[in-house]
Amino acid sequence: MKDPFSRRALLKGCAAFSLGSALAPLQPLFSQPKKSSRSVPGTTLYLCCHGLFAFVLRQDHILLLTPRIDEHKYLAGTWRSEKDMKKGGSYSLLGSSKGEYSNRRPVISKDNLHLSGIKDIDLASSFCQIKLPFPEQFISLRHVQASFTGKSFAAANAPSASTFPLLQVLKYEMPDPQNCRFEGLDQPWKPDPHAAIQQMHIFAEPPDLVPGDHASRAFDAWCRFFRRRADPEAGPRSGAVSPQGTGLSRAIDLEQELSLSERDNSCSSLVKKGDKPHKDRGPQPGNCFSVIVDCC
């Protein structure tokens with residue numbers, strides 16, 4: 001029996017590439033690790049970034065940018081208790097490492113779209129800006145299989161990867177959870193001091209099914225970060241999302257890898273009911289993935 005949640009999205013942009021994808025079935029869910037009754041001096045934080053992001057690698061930190069897309073929700077916080085991020089807002093993760101210590105520049109796996117030599121970024125095109133310290137580990141999950149066409153992009157920054165992630169997880173070892181916080185929200189997010197392993201989430205993706213041109217519009221907006229135009233010769237390729245859990249142990253709650261539309265059953269309920277699309281909702285889930293940018 002075919003999976004009712006399969007999808008195909010036409011992705012165009014970034015000076016000459018395009019991408020299509022199909023979402024695999026949801027995987028079994030695992031419960032969160034149990035909390036201890038005493039304070040934990042060292043805590044592992046997994047910062048989960050879902051959706052359409054540009055991870056701009058600067059000299060000593062990461063600047064997280066995301067285009068302004070009408071169908072997207074922009075949220076940050078604890079799973080199912082996230083708060084809205086504001087248009088034009090500035091956010092930052094503080095206290096995730098020792099005050100005098102900075103993690104080294106993270107190693108980025110080859111299964112990412114990695115652009116180098118970018119000198120001109122239009123920060124004003126981003127919905128908001130999020131400053132993150134370098135993590136101890138940069139983990140890419142839920143990969144979309146893809147191939148690229150387009151002369152200008154191939155000539156400048158031809159990617160060697162054939163799959164690209166929908167979810168990026170940044171791992172931090174916090175020496176003192178009580179000193180860690182995510183600032184910029186109306187009420188700063190703080191980790192639970194009694195949990196040895198915990199997750200925080202940042203979303204930039206649609207909570208519902210989306211129109212067929214969603215991906216194209218999203219990546220046209222993403223290209224404006226770099227003041228580039230789509231290549232009219234670019235052609236789409238299709239693929240599928242790999243199973244959840246790649247690269248992480250079962251100490252991590254696998255439910256929390258889900259997208260907004262998956263976790264709230266928007267995909268299944270709308271398909272089963274046969275609801276007709278309206279101006280903010282379409283026939284398919286959105287596959288929004290991230291890129292890595294080396295900023296000169």
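Strand S8 (90–94) and strand S10 (126–133) each give at least two residues to the lining of the second largest pocket. The model is a predicted one, and the pocket holds about 240 Å³ of space. The chain has 296 residues, 53% of which count as buried, and its secondary structure comprises four helices and 15 strands.

**Second largest pocket**
- The lining of this pocket is made up of 16 residues.
- Nearest the centre of the pocket lie Leu93, Ser96, Ser97, Leu132 and Pro133.
- Sorted by class, the lining contains seven polar, six nonpolar and three charged residues.

**Chain-level contacts**
- Of the contacts between residues at least 6 apart in sequence, 85% join residues at least 24 apart.

**His201 in strand S14**
- Strand S14 spans residues 197–205 and includes Glu205; His201 lies in strand S14 as well.
- His201 has a relative accessible area of 0% and is therefore buried.
- The side chain of His201 makes a polar contact of 2.5 Å with the side chain of Gln256.
- Beyond its neighbours within four places in sequence, His201 is in contact with Cys48, His50, Leu75, Ala76, Gly77, Trp79, Glu82 and Gln256.

- The side chain of Glu205 reaches the backbone nitrogen of Leu260 at 2.8 Å.
- With residues up to four places away in sequence not counted, Glu205 touches His50, Gly51, Glu71, His72, Lys73, Ser259 and Leu260.

**Cysteines**
- The count of disulfides comes to zero.
- Cys48 is in no disulfide, and the nearest cysteine sulfur, that of Cys49, is 7.5 Å away; a disulfide would need the two sulfur atoms within 2.5 Å.
- Cys48 is buried because its relative accessibility is 3%, a value under the 20% cut-off.

- Arg80 is not a glycine, yet its phi is positive, at about 65°.
- Arg80 sits in the loop between strand S6 (73–77) and strand S7 (83–84).
- The relative accessibility of Arg80 is 43%, so Arg80 counts as partly exposed.
- Arg142 is not a glycine either, and has a positive phi of about 55°.
- Arg142 is placed in strand S11, which covers residues 137–145.
- Arg142 counts as buried because its relative accessibility is 5%.

Conventions
Residues are numbered from 1 along each chain as its sequence is written. This is a predicted model: local features need pLDDT of at least 70, side-chain atom pairs count only at pLDDT 80 or more; totals for chains, interfaces and linings use all residues. Side-chain values use heavy atoms; hydrogens and water are left out. On a 1 Å grid over the protein atoms alone, a cavity is a set of points where a 1.4 Å probe fits but cannot get out, and a pocket is an open set with protein on both sides within 12 Å along at least five of seven lines; lining residues have an atom within 4 Å of a point. Grid points are joined across faces, edges and corners, and a volume is the space filled by probe spheres set on the points. Ala, Val, Leu, Ile, Met, Phe, Trp, Tyr, Cys and Pro count as nonpolar, Asp, Glu, Lys and Arg as charged, and the others, Gly among them, as polar. Buried means under 20% relative accessible area, exposed over 50%, partly exposed in between (1.4 Å probe, protein chains only). Contact means heavy atoms within 4.5 Å. A polar contact is a pair of N or O atoms within 3.5 Å; within protein, one must be able to donate a hydrogen and the other to accept it, and residues adjacent in sequence count only if both atoms are side-chain atoms.
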